[in-house]
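Let's walk through this structure together, one piece at a time. Keep the model open beside you as you read.

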Amino acid sequence: MHELGIMQNIVDTVQDYARKNNVSKVVKVMLEVGQVSGVVPESLEFCFEVCTKQTMLEGALLEIERIVAVGKCKTCEEGFDLLTHSFSCPRCGGTDWEMISGRELIIKELEVI
Amino acid sequence: MCETCGCGLTNPNVLLHEHEIETKRVDLEEKVLRHNDRLAERNRGIFEATQILVVNLVSSPGAGKTTLLENTIRALKGEMAIGVIEGDQQTDRDAKRIEATGVDVLQINTIDACHLDAHMIRHALDHFSLLELDLLFIENVGNLICPGAFDLGEDFRVVVLSIPEGEDKPLKYPGVFIGSHLVLVSKVDLLRVLELEVNQFFTNVKKVHPHVPCLSLSAKTGEGMEGWYSWLRDKVKAKKKNLNQPPK
């Protein structure tokens with residue numbers, strides 16, 4: 001359960017941006033969270049309210065886009081969902097792949113006033 | 001002025017009014033852990049300059065990291081200078097065990113945190129005479145999820161997976177295995193008792209991280225420890241010559 005610390009990082013980063021760019025209020029925060037980033041979106045949502053109290057993010061919406069863990073098969077180059085297909089290529093059965101996405105932990109976009 | 005919302009409306013009789021507030025979308029594309037990553041890079045610079053090989057040991061609680069370290073230190077301290085940073089939520093039990101082996105050790109108590117971060121490591125480094133060290137172990141907080149997200153500036157992240165945890169752990173907790181550079185399957189002396197095959201563990205590790213090197217060992221019986229020692233010797237030597245590939 002390190003989501004509280006992670007959320008505090010997010011709030012700090014957003015406030016930092018807001019201060020430097022004359023933003024008076026943040027109304028929406030959009031995150032990208034990879035499936036194997038080790039971070040649970042539900043816990044992030046839970047921590048968001050606590051961490052944004054009495055900040056310029058208070059009352060803002062939190063939108064989390066879950067990024068699927070995708071691997072690219074090194075044998076047939078097929079891109080596939082690693083978790084759904086238990087880490088082996090559904091096209092050729094290959095088990096050697098390169099990770100394309102799934103470890104993201106990014107503040108993607110803000111909506112500000 | 002409307003006192004509720006601060007707009008310029010002057011007619012005080014209009015109690016309810018709507019606003020078209022213009023919002024602006026901003027592409028931020030900022031890594032959440034950018035601060036940690038930056039400090040980790042700084043640590044990496046220190047380790048580069050001092051030519052210390054740094055190994056971040058990660059596992060579930062009770063996988064045998066400390067016992068592995070005790071035996072490793074006793075076997076290698078005659079040929080290289082070793083330091084240890086111990087991470088636990090509470091107590092200095094592990095630090096005391098390491099201290100008994102005669103090397104320099106610092107305990108970090110994270111209290112609430114479930115992992116070590118680059119900032120804690122930076123401060124811990126002040127405790128050591130870095131120019132005298134060849135190898136620094138960081139024993140992370142026992143946890144198979146959270147430590148995976150935090151770069152400490154280490155050369156290698158080594159995951160210890162013990163036999164009693166079961167062979168399915170890499171599939172259940174892929175994140176930490178995907179980010180590892182070496183996997184040690186430990187407590188292999190228990191394979192017979194638990195009627196398990198070490199290959200089941202290797203297969204599942206390779207499933208989530210196809211090219212990661214794996215070793216099997218038992219700190220208790222000494223089986224397989226020589227392979228781990230030669231891995232460490234090679235990497236320490238390569239670090240002195242700046243030959244190690246930096247981890248991604």
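Which elements do the buried residues of α1(A) pack against? They pack against β1 (26-34), α2 (41-52) and β6 of chain A, together with β1 of chain B. This is a predicted model, in which local features need pLDDT of at least 70 and side-chain atom pairs count only at pLDDT 80 or more, while totals for chains, interfaces and linings use all residues. Residues are numbered from 1 along each chain as its sequence is written, and chains are lettered from A and ligands numbered from 1 in the order in which they are written.

Helices (H or I, at least four residues) and strands (E, at least two) are DSSP runs, numbered from the N terminus. A residue is buried if 20 or more other C-beta atoms lie within 10 Å of its own, exposed if 12 or fewer, and partly exposed in between, with C-beta atoms placed from the backbone. Two residues are in contact if their C-beta atoms, placed in that way, lie within 7 Å.

Back to helix α1 of chain A, which covers residues 3-20. Its buried residues include I6(A), I10(A), V14(A) and A18(A). The end C-alpha atoms of α1(A) are 26 Å apart, which agrees with the 26 Å that its 18 residues should span at 1.5 Å a residue; the expected span is 1.5 Å times one less than the number of residues. After α1(A) comes N22(A), with a positive phi near 55°.

Elsewhere in chain A, look for an open, antiparallel sheet of 3 strands in the order β4-β3-β5. β4 (79-81) and β5 (97-101) of chain A are at the edges with a single partner strand each, so one side of each has no neighbour in the sheet. Strand β3 (residues 70-73) of chain A pairs with β4(A) over 3 bridges, and V70(A) has D81(A) as its bridge partner. Strands count as paired if DSSP finds at least two bridges between them.

Now to the place where the chains meet. Here 26 residues of chain B are in contact with 27 residues of chain A. On the chain B side, β1(B) gives the most, with 8 residues. By class, this side has 14 nonpolar, 5 polar and 7 charged residues; Ala, Val, Leu, Ile, Met, Phe, Trp, Tyr, Cys and Pro count as nonpolar, Asp, Glu, Lys and Arg as charged, and the others, Gly among them, as polar. Strand β6 (residues 105-112) of chain A runs antiparallel to β1(B), joined to that strand by 6 bridges. Within this pairing, I107(A) is opposite E30(B).

Chain B itself has 9 helices and 8 strands. Its radius of gyration is 24 Å, well over the 18 Å that the globule rule gives for 248 residues, so chain B is more spread out than a compact globule. That radius is taken over C-alpha atoms, and the rule is 2.2 Å times the number of residues to the power 0.38.

Finally, find strand β3 (residues 82-88) of chain B, where 7 of the 7 residues are buried, so the strand is largely enclosed by the rest of the structure. β3(B) pairs in the parallel sense with strand β5 (residues 135-139) of chain B over 5 bridges, and with strand β4 (residues 104-109) of chain B over 6 bridges. I85(B) has I138(B) as its bridge partner in β5(B), while G87(B) stands opposite I108(B) in β4(B).
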